[in-house]
Amino acid sequence: MNDTYLETTKDVYRKAAETPDVGLCCTTTPIWQLPALDIPKRMQEMNYGCGSTVHPRDLVNNPKILYVGVGGGMELLQFSYFSRQKSGVIGVDVVEEMLTASRDNFSEAEKLNDWFDSSFVDLRNGDALNLPVEDNSIDVAAQNCLFNIFKESDIKKAMDEMYRVLKPHGRLVMSDPVCNQTMPENLKEDERLRALCLSGSLPLTDYIKKITNAGFGTVEIRAKRPYRVLSPNHYATQENIFIESVEVCAIKDPMPEDGPCVFTGKTAIYIGTEEYFDDKKGHVLMQNQPLSICDKTANTLKSLDREDIYISPSTYFYDGGGCC
């Protein structure tokens, strides 16, 4: 497969911009309902994502936000709710028809929402592999069901670009399909299936590695849900291939000397006889009180081989308050 797959992708989303395709990317994540936020119906029909990148705890203090792959503009509108300033949200898309559709949808959103002004959103024609955004200028960057379309060398470019534009300690919030089975080569090479966010899915460990290789020192797995099944009844595969959608936040923290902190929803609980357990490395476990821990800390505590420390399996749900 060569770079023609990107042209196939553009064609798919040109058509989806001109005629909304409700089933193109069916997210299992509920649409955020916020006070005084009314989302136009056409925006909802053009919600071409596999999760949500809008998390209020990321969006404090009037952040500067970048969203790549605008869809119908729904998440741009949601982000504007938290950043009500001129050009507070930048939307980048390589498909001009999608930018036009978003502008039309924002005009409708202005009629439905007294607080919203289209000037809050700065729409730019641009490529995720070469973002038209300054270095170290963004507090929160996001993409929803876009990076899984890219082949691996292009994922690296896209991750590097997001890292470049984020401020120190800025956040990259993403939702993408992942698949821990081996994706058949014939499906991986099918340009349309890749454009439809199906056959480019990586194993979660590989996906996380792409993130940390870009330099992000902290990675949070916030949710993982069933998404699609590629069945032999409908696709050229010998077995059912199970795809999940994952929501991830990567933080532009300095990289720790002993490697990144990746939170996959593990918890440590001390059940010994002392008041607390202190590993002398910054982790204090109070008796019978759960503490969210990164996978690195989980492995260190497991290596102590103590019967009085319980380490839970990964839940693939993490919402802050952890050890690092």
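Leaving out neighbours within four places in sequence, Leu172 is in contact (heavy atoms within 4.5 Å) with Ala141, Ala142, Met159, Met162, Leu166, Phe216, Val248, Cys249 and Ala250. A second, separate core of 10 residues includes Phe277, Ile293, Ile309 and Ile311; a nonpolar core here is a set of buried Ala, Val, Leu, Ile, Met, Phe, Trp, Tyr and Cys residues joined through side-chain atoms within 4.5 Å. Buried means under 20% relative accessible area, exposed means over 50%, and partly exposed is in between (1.4 Å probe, protein chains only).

Keep in mind that this is a predicted model, where local features need pLDDT of at least 70 and side-chain atom pairs count only at pLDDT 80 or more, while totals for chains, interfaces and linings use all residues. Residues are numbered from 1 along each chain as its sequence is written, and side-chain values use heavy atoms, with hydrogens and water left out.

**The overall picture**

- The protein has 9 helices and 13 strands; these are DSSP runs numbered from the N terminus, with helices being H or I of at least four residues and strands being E of at least two.
- Its radius of gyration is 21 Å, close to the 20 Å that the globule rule gives for 324 residues, so the protein is as compact as a globular protein of that length. That radius is taken over C-alpha atoms, and the globule rule is 2.2 Å times the number of residues to the power 0.38.
- Along the principal axes, the C-alpha atoms fill a box of roughly 65 × 50 × 35 Å.
- Of the 324 residues, 54% count as buried.
- Among contacts with a separation of 6 or more, 75% come from residues 24 or more positions apart.

**The largest core**

- In soluble globular proteins, nonpolar side chains tend to be buried together.
- Here the largest nonpolar core has 89 residues, and those with the most contacts inside it are Tyr13, Leu66, Leu77, Phe150, Leu172 and Ile211.
- Strand 7 (residues 241–251) gives this core its largest share, 7 residues.

**Helix 1**

- Helix 1 has 15 residues and reaches 22 Å from its first C-alpha to its last, close to the 21 Å expected at 1.5 Å a residue. The expected span is 1.5 Å times one less than the number of residues.
- Its buried residues are Tyr5, Thr9, Lys10, Val12, Tyr13, Ala16 and Ala17. Seen down the axis of helix 1, they fall within an arc of 165 degrees, so they line one face of the helix; the arc is that of the directions from the helix axis to the C-beta atoms.
- Lys15 and Glu18 sit on the other side of helix 1 and are exposed.
- The buried residues of helix 1 pack against helix 2, helix 4 (96–112), helix 5 and helix 7 (191–195).

**Helix 5**

- Helix 5 (residues 152–165) has 14 residues and reaches 20 Å from first C-alpha to last, close to the 20 Å expected at 1.5 Å a residue.
- Asp154, Ile155, Ala158, Met159, Glu161, Met162 and Val165 are buried in helix 5. Down the axis of helix 5, these buried residues fall within an arc of 160 degrees, so they line one face.
- The packing partners of those residues are helix 1 (4–18), strand 1 (65–68), strand 4 (138–144), strand 5 (166–178) and helix 8 (204–213).

**Helix 8**

- In helix 8, the buried set is Leu204, Tyr207, Ile208, Lys210, Ile211 and Thr212.
- These buried residues pack against strand 4, helix 5, strand 5, strand 6, strand 7 and strand 8 (261–263).
- Gly215 follows helix 8 and has a positive phi, near 120 degrees.

**Positive phi away from glycine**

- Most residues other than glycine have a negative phi.
- Asn62 is not a glycine, yet its phi is positive, about 55 degrees. Asn62 lies in the loop between helix 2 (41–45) and strand 1 and is partly exposed, with a relative accessible area of 43%.
- Lys280, also not a glycine, has a positive phi of about 65 degrees. Lys280 is in the loop between strand 10 (276–278) and strand 11 (284–286) and is exposed at 70% relative accessible area.
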